[in-house]
Amino acid sequence: MSSSTKEIIPGTTSITSLKEAIVEIVSDSGEGAQKCGQSLGAISAKMGNGVWTVEIIPAEIQPPARSRAGASGIRVRMGQEKVTNMGDQADLVVALNEQVLFGRIDQNAYKGGTHVLIENKWANHASPDIVTAYSEALDKFQSLGYIIHEIPMEEECLKVVSDARKGKNMWVLGLLCNIYDRDMKLAEDQIRSIFRKKNNEIIQNNLDLLHAGYQWAQLNLDLHYCITPKPSSDDMVVMNGNEAISLGVMAAGIDVCSMYPITPATSATHAMAETMQSAGGVIHQAEDELAAIGFAIGASYAGKTAVTITSGPGIALKTEFIGLAIMAEVPLVIIDIQRGGPSTGLPTKVEQGDLLSVLYGTPGDAPKIIIAPATIEECFHYVILARKLAESFRSPVFVLSDANLATGVQPFKRPELKEEWFASPIDQSKWQEGVRPYEWDANTGISERPIPGQKGGVYTLTGLAHDEESHVAYDPSINQRAAENRSRKIAALHETLKPPQVFGDPEGDLLLVGWGSTKGAIEEAVERARAQGASVSSVHLHFLSPLEPGLKEIFQKFKKVMTVEINYSDTVGKPYITEENRRYAQLAWYLRAQTLVDIDCFSNVYGQPMSPYRILKMMEENLKMKLIE
């Protein structure tokens, strides 16, 4: 908890001014901890604070109660300035039982001095085993240097509602609003928004719980902080990455989203379902992943580019249809909200594990366009970009997001809707006589696309190798020529891109290279290292196929280049792992092949977002200097 001054306001409790604070709320699954934290984040963002949230979700839908593995909740990082990542260890945690805390302690989520506000009903539980477990846990927490505050949450909630389990989260929200001096008018509005589809009695009960928690903290806690907000002069919006993607789909003028439910992608279509129909679009929930992409390809072939949204296992199932879209050159937007793999893997945890499978997973030579947003705001804009690229280059375009972006909440400037974002009306003018359906341009490989219904534009779409007329290829030279043109489109796009910006000095001892949601953590770590005198910079890639130009020239100005990724890589020195046989992180592997630069990597698959602390520790080892106080 980064504090600056402590002031005494006459007639009130002392309030400590903070630059930022990291708060966690953890509970058993189904107790509303995530809703509490999402609300705290939204309130703080609307006040003008920087915010980033990370959901803590167990692998099972309903894990055993009071279990370490069943920890469910959320982390909220609030700051005076813009916040771009989850930060390091939490300053304060609210726990609805002691066992879920152990699950977070195992992940190094807390530090000496962390305030633990814990439900105390377990001290008087009917089961002696639970009472003993609670008592032993508190002793353990104190030995770790945590500051314990036992809170009668259930007892206080029962003064307001008959079922504390259905109201404890809003009581805790009130508690936190008092501790961090949050705007209670915004908190009330947030509750009315959350429960807008419920009856007035439910809304009022939750408002009463909010105020009860606030008053209890005011009377019983000596924890009162202020994180001074800096309201923007711009009109701001607050949302998570999946909500931003859903709005991006509509802002792009995409009328059809075809999907099959899969974590962590489904919430994007839930958000879309709220307004898609009123925007003139339709969401089609197919019977499986294959049907979902087949429907989307059919809709795109009919004239307006469609989108399909999924995660890694869905990409695996869609592979054959992806090949069809590439071979037939049908525009399509494919959004992949990455999660831990392989197989079912870690369905609720973050990973950047799909890059190589998306790049190379399709049989044969199947070039495609791949872009990766790094912020919540970019999740919105990159869907619009993807639709334009799909139509301009007559190709599928992948948007690689991940679970960290999907559930992270952050404020950003409200986008001003622009007419050029929308898809053009379907062209039904007469097809130009003599122009073949795959009239590949000799320089770019791009061809104009006939739309069903255009007079004279009739052709047979096929997934077989074909010539310019869309006739099946029997001459050996045809497949070679077609493959060259499909690849040339990617090269043509590469020529339109600019080199990435270097964050820091253009040369030095160490360059970190990232992609996707790791940007905020990497750049914060680089800033902190540079403040300690380290010669370190970073580059963040947004285009992954084609890669942005000038990378080799950038890399050659640094003594060492390392990627920072959330996917697996071998550690040299582990049993049987050598420099010769080690497996690199996915972007590192790709960049080594493309640039022939000796690029190293730092990665892990803990299922957690990358933290600045982990990156700083890695830099300490590589730069041989002290960077962490």
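Helices H6 and H7 run roughly antiparallel to each other, because their axes cross at over 145 degrees, the cut-off for that label. H6 covers residues 184–194 and H7 residues 200–220, and their axes come within 9 Å and cross at roughly 150° (axes are lines fitted to C-alpha atoms over the stretch in contact, with angles from 0 to 180 degrees between N-to-C directions; helices are DSSP runs of H or I, at least four residues, and strands are E runs of at least two, numbered from the N terminus). The crossing is right-handed, meaning the near helix is turned clockwise from the far one by less than a right angle. Among the residues that meet here are Met-184 and Ile-191 in H6 and Leu-207 and Tyr-214 in H7 (contact is heavy atoms within 4.5 Å).

A word on the model: it is predicted, with local features needing pLDDT of at least 70 and side-chain atom pairs 80 or more, while totals for chains, interfaces and linings use all residues. Residues are numbered from 1 along each chain as its sequence is written, and side-chain values use heavy atoms, without hydrogens and water.

Now for the rings. There are ten aromatic pairs (Phe, Tyr or Trp rings, the six-membered one for Trp, with centres within 6.5 Å; planes under 30 degrees apart are stacked, over 60 edge-to-face, the rest tilted). Phe-380 and Trp-421 make an edge-to-face pair, 5.6 Å centre to centre with 70° between the planes. Phe-380 sits in helix H13 and Trp-421 in the loop between strand S16 and helix H15, so the pair ties together parts 41 residues apart in sequence. Both Phe-380 and Trp-421 are buried (under 20% relative accessible area, using a 1.4 Å probe and protein chains only; exposed is over 50%, partly exposed in between).

How values were computed: Parallel < 35°, antiparallel > 145°, perpendicular 65-115°, else oblique.
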